[in-house]
There are 4 protein chains.
Amino acid sequence: MLNSDSFALTLSCPNQPGLVSVVSSCLYEASGNITEAQQHDDTITGRFFMRVVFTLQDRARHKALMFANMEKIAKQYQMNWHITDRTRKKRVLIMVSRFDHCLVDLLYRWRIGELIMDIAGIIANHPKELYAHIDMQEVPFYYLPITPETKTTQEEKLQSIIEETQADLVILARYMQVLSSNLSQKLIGHCINIHHSFLPGFKGAKPYHQAFERGVKLIGATAHFVTSDLDEGPIIEQDVTRVTHSDTPADFIRKGRDIERRVLAQAVRDYIQDRIILNGSKTVVFGD
Amino acid sequence: MLNSDSFALTLSCPNQPGLVSVVSSCLYEASGNITEAQQHDDTITGRFFMRVVFTLQDRARHKALMFANMEKIAKQYQMNWHITDRTRKKRVLIMVSRFDHCLVDLLYRWRIGELIMDIAGIIANHPKELYAHIDMQEVPFYYLPITPETKTTQEEKLQSIIEETQADLVILARYMQVLSSNLSQKLIGHCINIHHSFLPGFKGAKPYHQAFERGVKLIGATAHFVTSDLDEGPIIEQDVTRVTHSDTPADFIRKGRDIERRVLAQAVRDYIQDRIILNGSKTVVFGD
Amino acid sequence: MLNSDSFALTLSCPNQPGLVSVVSSCLYEASGNITEAQQHDDTITGRFFMRVVFTLQDRARHKALMFANMEKIAKQYQMNWHITDRTRKKRVLIMVSRFDHCLVDLLYRWRIGELIMDIAGIIANHPKELYAHIDMQEVPFYYLPITPETKTTQEEKLQSIIEETQADLVILARYMQVLSSNLSQKLIGHCINIHHSFLPGFKGAKPYHQAFERGVKLIGATAHFVTSDLDEGPIIEQDVTRVTHSDTPADFIRKGRDIERRVLAQAVRDYIQDRIILNGSKTVVFGD
Amino acid sequence: MLNSDSFALTLSCPNQPGLVSVVSSCLYEASGNITEAQQHDDTITGRFFMRVVFTLQDRARHKALMFANMEKIAKQYQMNWHITDRTRKKRVLIMVSRFDHCLVDLLYRWRIGELIMDIAGIIANHPKELYAHIDMQEVPFYYLPITPETKTTQEEKLQSIIEETQADLVILARYMQVLSSNLSQKLIGHCINIHHSFLPGFKGAKPYHQAFERGVKLIGATAHFVTSDLDEGPIIEQDVTRVTHSDTPADFIRKGRDIERRVLAQAVRDYIQDRIILNGSKTVVFGD
């Protein structure tokens with residue numbers, strides 16, 4: 001569970017003996033108490049990954065010391081590191097197109113306190129009337145229509161919103177539009193897409209129809225970080241469900257909605273709890 | 001459950017009203033009692049598929065009548081049809097290479113009566129010593145080594161064995177060799193391969209290593225009919241299992257063994273119970 | 001998929017040879033075209049179960065004939081039978097208490113056309129303000145508070161609503177109140193409850209806490225018909241999800257919500273598609 | 001993966017700040033390199049659980065220091081602790097009755113190196129002829145028939161074998177006999193049973209028949225530590241598979257075999273990799 005008073009440290013660095021000890025001592029010296037610690041040795045790349053959740057006995061007094069300690073060891077061990085202060089909730093933007101099941105699901109989980117985050121805005125390429133049945137509460141709604149001609153301008157607006165809202169994460173909740181290579185690059189590690197197939201099968205458009213044509217016996221959904229390479233980004237979470245010969249493409253779509261919303265919600269949860277660390281074209285996801 | 005005294009009728013034909021009635025009346029007139037009946041309307045191709053398991057009140061007297069009745073309606077309704085007399089067990093050949101987990105599993109299920117079939121032979125491209133720990137009982141073992149030079153000769157021997165043993169089904173139980181286009185074509189609908197990936201992802205060689213490289217969160221296995229197009233044949237059964245960032249390719253292989261043997265056994269079971277009907281590049285599998 | 005122009009016949013009777021033929025001929029004579037047919041022989045009780053979906057070539061002309069035919073054979077073969085005319089949607093009442101995740105989910109699936117039914121009313125033992133975030137559209141809302149003293153009166157009101165709305169089905173969507181034995185009895189086969197455990201484990205109150213205490217590694221949810229015997233009614237659908245030692249009761253509740261809404265939605269779908277037939281204390285559920 | 005040159009430390013103690021740091025420093029001072037570390041705070045009981053896999057730079061020189069360090073902190077922090085030297089494989093005894101699917105499966109996984117352990121013996125209450133198809137290699141076979149009259153004597157022999165073979169773990173691989181309360185007590189934490197139901201549902205005899213009677217839609221299997229309280233011991237692993245109304249008790253048994261062998265193998269794997277720590281009537285299982 002999210003401890004709102006805690007910090008989450010994530011790091012990766014070249015592996016070498018003693019790293020767990022180094023990190024835990026560094027935090028201990030700053031009065032830190034570790035409540036969760038997970039690590040991973042990538043034996044192929046030789047990199048070490050770690051996630052530590054900890055509290056400080058006296059935040060006011062020890063926070064600066066803790067950061068100073070971390071900076072020292074980070075330098076020494078060539079660490080990529082990040083510390084999240086959990087008194088500040090992560091800020092997310094949700095982008096959506098015609099199909100709203102993922103949006104509705106994320107909003108519900110947020111409303112009942114299952115996903116602890118600030119929704120900084122909802123961005124759609126359809127007008128707000130399309131979502132009349134959804135209670136968006138106080139969340140700002142941005143209508144950003146898009147055509148081949150206006151794509152560049154639209155994306156500039158999108159970038160402004162991302163900056164203004166200080167969003168940590170952009171969620172493509174069945175947004176159905178491809179971000180430009182440039183923007184994808186900028187958002188690496190901070191933009192999650194839900195693709196409605198079990199990647200790497202059935203990339204691109206109409207994956208359920210592709211799956212139907214191929215005659216698969218399971219369909220799936222994949223949440224992944226967006227990169228400039230369509231549907232090739234690092235995978236965060238996947239799941240599948242059974243289909244049979246009697247299921248039509250419409251049935252695939254119906255059954256798929258359940259997987260999509262579950263898989264996307266899990267990936268968002270992993271993100272806001274600092275459970276995901278990029279490892280090249282892959283992810284390390286420290287489960288709960 | 002397999003009723004050893006029953007017949008299994010499978011058929012497909014252009015759909016039209018009244019087919020269920022036509023078939024059930026045709027069997028009823030020959031004193032048939034239907035114990036299982038399953039049907040499928042492919043609304044896209046307009047074809048109708050049916051599987052009927054039935055007994056005859058007086059086999060000796062009514063069997064000929066039943067076949068005559070069926071021939072009549074089959075002609076009238078342009079049916080592809082097949083009737084299996086279940087007093088004769090299906091005959092299967094199991095082909096295997098170095099990894100024997102699927103072979104061992106099939107033999108076990110056969111020994112305890114879970115898979116009711118005759119194993120007409122085990123064919124391996126390694127000598128029998130490799131399988132010293134396996135009790136093959138009375139099943140003939142054929143050692144057919146293969147090299148690029150001997151591939152044609154080896155396959156001729158294989159074809160002779162298939163013919164001599166009157167095998168209904170050839171099972172590639174992790175055989176790891178690609179059958180020639182010619183032989184694949186001949187065996188269509190009668191040769192099942194287990195591919196160690198969730199097709200269509202990761203075709204070809206070393207699929208677990210491919211899956212590891214891509215960073216998927218689930219791995220799978222696929223049982224499919226062999227066609228001349230590698231790993232593109234009609235899918236019969238698939239399943240998956242969860243993997244994480246901490247799983248190495250060796251872990252993928254280990255976890256995969258469990259799925260492979262389960263998926264292959266299910267596909268073989270479906271075949272020997274006449275549950276599978278080809279539908280172009282797909283299958284209709286009437287579940288139990 | 002639901003064919004709005006079709007009929008669904010469900011029946012059960014003592015098994016005997018020729019039943020499939022009898023039923024299909026009976027419909028065929030009334031110009032019926034069978035689009036789905038499923039059957040089940042309960043070899044232990046000797047009863048036969050069947051579900052047939054069919055259209056009539058000329059509804060206006062043949063509907064009466066079809067019913068007359070069915071009545072004749074029903075009498076002859078001692079059938080319990082029911083025919084649903086699918087031009088009329090099933091009418092459901094949804095009952096809810098404090099937790100609204102199942103209600104929200106059912107409303108969403110109904111709104112987007114996934115569950116094709118009429119929601120005749122929403123009944124809660126909490127005032128409407130509690131559900132302020134939910135768009136109930138035109139669905140009547142009934143506030144029926146309940147205390148030990150008012151239980152009898154409250155249930156009388158409930159019965160009136162059921163009668164007035166001509167509800168086919170009452171859905172206890174985490175209603176958390178036990179219906180009286182009398183009302184349970186009246187509603188047999190027409191009232192579905194979602195229990196938040198994998199029955200028969202953890203009956204009664206606080207099942208997630210019970211599951212936590214027992215240290216299970218999977219938690220589940222069960223949709224079942226309500227009977228006068230608490231949590232003992234015929235099971236329609238069940239599913240589970242994985243938990244670990246690190247999950248608290250709060251995590252069980254969170255993970256459980258996803259299963260509950262999925263399992264309940266599936267059971268409701270099975271009901272409105274006439275897929276469920278009672279078989280004593282069990283159900284026959286003809287899957288799609 | 002099992003590193004044959006490593007140590008595995010498991011411990012539990014009252015939780016307090018700094019424990020991760022204390023343990024990692026203690027090992028680091030003895031030239032230990034931590035390759036895996038997992039922890040769990042039981043927030044309800046206030047106990048802390050940890051599993052650490054580590055190597056020593058110079059075994060010969062530092063092993064004694066490492067143990068001395070651990071003893072010191074163990075005393076200070078009231079730790080229950082255990083260190084396994086993985087150069088010695090765990091020794092297991094497999095007990096079996098008529099059904100041999102779990103035995104065959106464990107032997108296979110052991111033979112191909114998936115389960116790295118020494119099988120110290122196979123104990124059966126049926127004579128060896130019953131297992132004629134199984135290649136037990138060099139593993140000693142003990143025939144210990146049992147009747148109500150000989151139960152005490154039989155169990156004394158069993159105890160002797162456990163002592164003589166210095167077995168770490170006794171596996172009841174569908175042994176179907178209840179151990180005496182006395183022996184169960186002695187073996188706590190070192191005897192794993194596979195029960196063929198999803199506990200706590202369907203304790204005791206013939207669980208598949210019980211499940212069939214109840215009309216469940218999923219069946220399961222449970223691996224748990226044996227205690228003197230039948231089928232109430234701490235659960236290690238569970239899994240389920242789907243059944244329908246068309247499955248007979250014989251189908252339940254068939255489908256169940258697949259779950260039983262998978263669940264038992266996973267529990268044994270967890271045990272021999274020191275992944276399981278007892279937590280009262282529950283287990284902490286640090287997954288791989």
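Mentor: Domain bounds here come from an automatic or database domain assignment. The model is predicted, so local features need pLDDT of at least 70 and side-chain atom pairs pLDDT 80 or more, while totals for chains, interfaces and linings use all residues. Residues are numbered from 1 along each chain as its sequence is written, chains are lettered from A and ligands numbered from 1 in the order written, and side-chain values use heavy atoms, without hydrogens and water.

Trainee: How far apart do the C-alpha centres of domain 1 and domain 2 of chain A lie?
Mentor: The assignment gives chain A a domain 1 at 6–85 and a domain 2 at 91–285. Twelve residues of domain 1 touch seven residues of domain 2 in chain A, where contact means heavy atoms within 4.5 Å. Between the two C-alpha centres, the distance is 31 Å.

Trainee: Over to chain B: which residue is the bridge partner of L172(B) in strand 9?
Mentor: Chain B also has an open sheet of seven strands in the order 7-6-5-8-9-10-11. Within chain B, strand 8 (residues 169–172) and strand 9 (residues 191–195) run parallel and are joined by three bridges. For L172(B), the partner in strand 9 is N193(B).

Trainee: What is the phi of Q78(B), which is not a glycine?
Mentor: Look in the loop between helix 2 (59–76) and strand 4 (80–85) of chain B, where Q78(B) sits. Its phi is positive, at about 55°.

Trainee: Which residue does a cis peptide bond join to L199(A)?
Mentor: Check the loop between strand 9 (191–195) and helix 6 (207–214) of chain A, which holds the residue you want. With omega at about 10°, the cis bond links L199(A) to P200(A).

Trainee: How much space lies in the second largest pocket?
Mentor: On a 1 Å grid over the protein atoms alone, a pocket is an open set of points where a 1.4 Å probe fits, with protein on both sides within 12 Å along at least five of seven lines, and lining residues have an atom within 4 Å of a point. Volume is the space filled by probe spheres set on the points, which are joined across faces, edges and corners. For this pocket, that space is about 750 Å³.

Trainee: Which residues that line the second largest pocket are the closest to its centre?
Mentor: Helix 5 (181–186), strand 9 (191–195), helix 6 (207–214) and helix 7 (249–272) of chain D each give two or more residues to this lining. Of its 37 residues, the closest to the centre are R174(D), Y175(D), M176(D), Q177(D) and H196(D).

Definitions and conventions. Helices (H or I, at least four residues) and strands (E, at least two) are DSSP runs, numbered from the N terminus. Two strands pair if DSSP finds at least two bridges between them.
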